[in-house]
Each structure stands twice: as structure tokens, then as C-alpha cells.
Amino acid sequence: MLLSSDTHPQDYPTVQAVTEMGRLLAERTSGRLGIRIYAGGQLGAERDTLEITTFGGLDLNRVFLSPLNAIEPATSIPSLPFLFHSKEHMRRALDGAPGRAILDTLAPHGLIGLCYYDSGERSFYNTKNPIFTPADMKGMKIRTPNSDMSVAMINATGANATPMDLGEVYGSLVQGVIDGAENNWPSYESGRHFEAAKYYSLTRHVMTPEVLLMSKARWDKLSSADRDIVMACAAESVPFMRKLWDERVDGSRQRLLAAGVQENEVTDRDAFVKLMKPVYDQFVTTPFEKRIVSEIEAMTV
Ligand code: GTR
């Protein structure tokens with residue numbers, strides 16, 4: 001039995017997708033391999049479970065890509081602001097050679113990247129006022145994932161980035177420790193952040209994906225035939241996840257608007273682009289990183 005972790009609750013699309021992968025694995029190995037998921041952050045925050053996975057204490061782990069930035073800088077690439085111009089572009093880039101090359105940088109760190117899952121567009125939400133231009137968020141304390149790039153990107157808007165684990169966001173919003181955060185609709189809903197921060201402003205600044213990892217220690221013990229099965233089942237769980245994801249994004253948004261969330265388009269998206277894009281110079285530095293970014297930018301959909 002492969003043990004897996006997820007910060008999200010049982011009904012979240014990432015957990016459902018790994019459950020489906022486990023079903024496929026059991027079917028194809030006559031029950032020799034299967035997956036048991038510890039959902040809802042039972043095993044701790046993503047940063048902590050990642051460390052456990054790295055040394056083989058967990059076999060599988062579904063995490064957001066940002067906490068990996070501290071382990072391997074190339075994983076910052078899919079979080080670059082305004083990199084993907086559509087969902088189709090993001091899917092094509094990550095399913096293709098650029099996405100694979102980024103996952104392959106993790107092996108020396110003890111992690112095998114099996115596949116990416118969608119996490120949609122992230123936008124800002126806060127407790128104070130709608131954000132139409134960067135000036136509207138000046139000085140606001142905005143929670144970011146634990147990633148230097150996310151911190152730099154948010155500070156570039158004039159806000160004060162406050163990195164913390166997802167599980168701390170709700171309490172921090174309620175207590176006024178932070179004024180806002182940024183995330184997709186489903187996480188904004190399932191973390192109940194909307195109860196405290198009702199202004200959701202559609203900056204759509206990043207499309208950072210989720211990733212499913214296997215501990216290299218466990219991978220190395222699999223036969224090559226079993227590795228192929230694991231990879232194939234992971235790949236097949238991706239379209240399964242995406243279908244659930246697309247439905248979930250629409251459903252979350254409808255429920256939240258009905259619950260009183262105030263959504264707004266930003267008036268000048270280019271103003272955000274102009275302020276955030278300079279992080280490319282700071283975080284895309286090696287020839288490898290530059291090549292991957294150009295490959296992604298050259299892709300059309
Ligand atoms: C969510 C993602 C989580 C979590 C989070 C965050 O969209 O699904 O895994 O990492 O974002 O902002 O930390």
C-alpha cells in the first residue's frame with residue numbers, strides 16, 4: 001500500500017484524482033499496489049510532508065508547486081506571473097516537454113514528479129476593499145505560499161507579502177493578522193476564507209499547478225514494469241482530475257457569489273503585469289531556466 005498525503009479534504013478534486021489513481025493501480029496489479037490517502041492535512045503542512053517524502057517516510061504526496069521552490073529553483077517557473085495565457089496553454093506546456101523537464105529536476109532531491117494537476121487561476125481577495133489597480137492593495141498584508149518568488153511578486157505590487165501555510169490563513173484573516181491572500185475559487189471556498197475576506201478581485205496573475213510526487217526511495221524499489229504502471233495510472237488520473245476541477249471552479253464561484261462574495265474585474269491588468277514581470281529577471285537566471293521559459297512562451301494554443 002502506498003501512503004499519500006494531501007492538505008485538502010476528501011471531496012477536493014486532487015484527493016479524488018489520487019483515489020482514482022489508486023483504483024487503477026489496484027486493478028492493474030491485481031491488488032498488489034494501491035494508495036491510502038491521508039487527506040485534510042492530517043500529516044501536517046505541505047512543507048513538512050515534503051520533507052518526510054524526501055527521505056522516504058511517505059510514498060506519495062500531492063502538493064502545490066510553490067513549497068518546492070525552496071528545494072529546486074526551476075520549480076518556480078510555472079508560477080511566474082502572467083506566463084500562461086490560457087488554461088489550454090498551461091495544460092499543453094505542463095503535459096509537454098517543458099513540464100517534464102521541470103519535474104525531472106526533482107530526482108536529485110529525492111522526489112519523482114509523476115504528474116501535474118490543475119489549480120486554476122489565482123486572484124487576490126481581501127477583507128478591506130475591492131482591488132481595481134495596484135494602488136488599492138498598497139500596504140495590505142497579503143498571505144503568500146512559502147516561496148521567495150511569490151513573496152517578491154506580491155511585494156512588487158506595493159503590498160506586504162506574508163508567507164504562511166495554507167492552514168493558518170483563515171485564522172489570520174479573522175484576527176486581522178493579514179488583510180488578504182490569493183488563491184483559486186475552490187481553495188477560497190474550502191478554506192472558508194471568503195467568510196472573512198469577501199472582496200475577490202480577478203487579477204488572475206498566476207496559474208501555479210499542483211503536483212503529485214513519489215518518494216525516490218520508494219520509486220527505486222519498484223520494478224521497471226511497476227514504474228510504468230505507476231506513471232500510466234498517474235497520467236490517466238489527470239483528465240479525471242481536470243473534469244472535476246472545471247466543475248468545481250464553476251460550482252465554487254456560483255456558491256460564493258450567492259453567499260455574498262463581491263467579485264470584480266481589475267480595471268488595469270497591464271498595471272499588474274508591469275509591476276510583477278520584473279521578477280523574471282530575478283528568478284529566471286540559469287540557461288536551463290531561460291530555455292524552459294522561452295519554450296513555454298513560444299507555445300501557442
Ligand atoms: C491551493 C493548493 C494547495 C495549497 C494552496 C496554497 O490552491 O491546492 O495545495 O498549497 O493553494 O495557497 O498554499
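Tutor: Let's take some labels one at a time and set each against its cut-off. Keep in mind that this is a predicted model.

Student: Why is S30 called exposed?

Tutor: The relative accessible area of S30 is 72%, and exposed means over 50%, so S30 gets that label. You'll find S30 in the loop between α1 (13-28) and β2 (35-38). S30 also has a positive phi of about 50 degrees, although it is not a glycine.

Student: What makes R204 partly exposed?

Tutor: R204 comes out at 26% relative accessible area. Buried needs under 20% and exposed needs over 50%, so R204 falls in between and counts as partly exposed. R204 sits in strand β9 (residues 199-206). R204 is not a glycine, yet its phi is positive, about 45 degrees.

Student: And why is P130 called partly exposed?

Tutor: Its relative accessible area is 24%. P130 is in the loop between β5 (122-126) and β6 (141-144).

Student: Which residues does P130 touch, beyond those up to four places away in sequence?

Tutor: P130 touches D136, Y199, S201 and N264. As for D165, 35 residues along the chain from P130, the two C-alpha atoms are separated by 24 Å.

Student: How do you know that T53 is buried?

Tutor: T53 has 0% relative accessibility, and anything under 20% is buried, so the label holds. T53 belongs to helix α2 (residues 46-54). Neighbours within four places aside, T53 contacts L58, D59, N61, G110, L111 and S215.

Student: Why does S4 count as buried?

Tutor: S4 is at 1% relative accessibility; the limit is under 20%, so S4 is buried. S4 lies in strand β1. With neighbours within four places left out, S4 is in contact with V18, I35, R36, I37, Y38, L58, L60 and N61.

Student: How do you know that β1 pairs with β2?

Tutor: A pair takes at least two bridges. Strand β1 (residues 2-6) and β2 have four, in the parallel sense, so they pass. To place this on the model, look for S5 opposite Y38 in β2. β2 itself has a covered face, I35 and I37, and an uncovered one, R36 and Y38.

Student: What makes β1, α1 and β2 a right-handed unit?

Tutor: The test is to view the strands pointing away from you and follow the path from the first strand over the helix to the second; clockwise means right-handed. The β-α-β unit made by β1, α1 and β2 is right-handed.

Student: Why is β3 called largely enclosed?

Tutor: Five of the five residues of strand β3 (residues 60-64) are buried, so the rest of the structure largely encloses it. L60, R62 and F64 point one way from β3, while N61 and V63 point the other way, and all are buried.

Student: What makes β1 and β10 partners of β3?

Tutor: Again, at least two bridges are needed. β1 and β3 share three bridges in the parallel sense, with S4 opposite L60 in β3. β3 and strand β10 (residues 210-215) share five in the antiparallel sense, and V63 stands opposite V211 in β10. Both pairs clear the cut-off.

Student: Which residues of α4 are buried, and what covers them?

Tutor: In helix α4 (residues 97-104) they are P98, G99, A101, I102 and L103. Their cover includes α3 (87-95), β4 (111-117), β10 and α12 (287-298).

Student: Which residues come nearest to the ligand?

Tutor: Of the 13 residues around the ligand, they are H8, E46, R143, N183 and E210.

Terms used: Residues numbered from 1 in each chain as written. Predicted model: local features only at pLDDT ≥ 70, side-chain atom pairs only at ≥ 80, totals over all residues. Heavy atoms only, no water. Helix = DSSP H or I, 4+ residues; strand = E, 2+ residues; numbered from the N terminus. Buried < 20%, exposed > 50% of the residue type's maximum accessible area, 1.4 Å probe, protein only. Contact = heavy atoms within 4.5 Å. Near = heavy atom within 4 Å.
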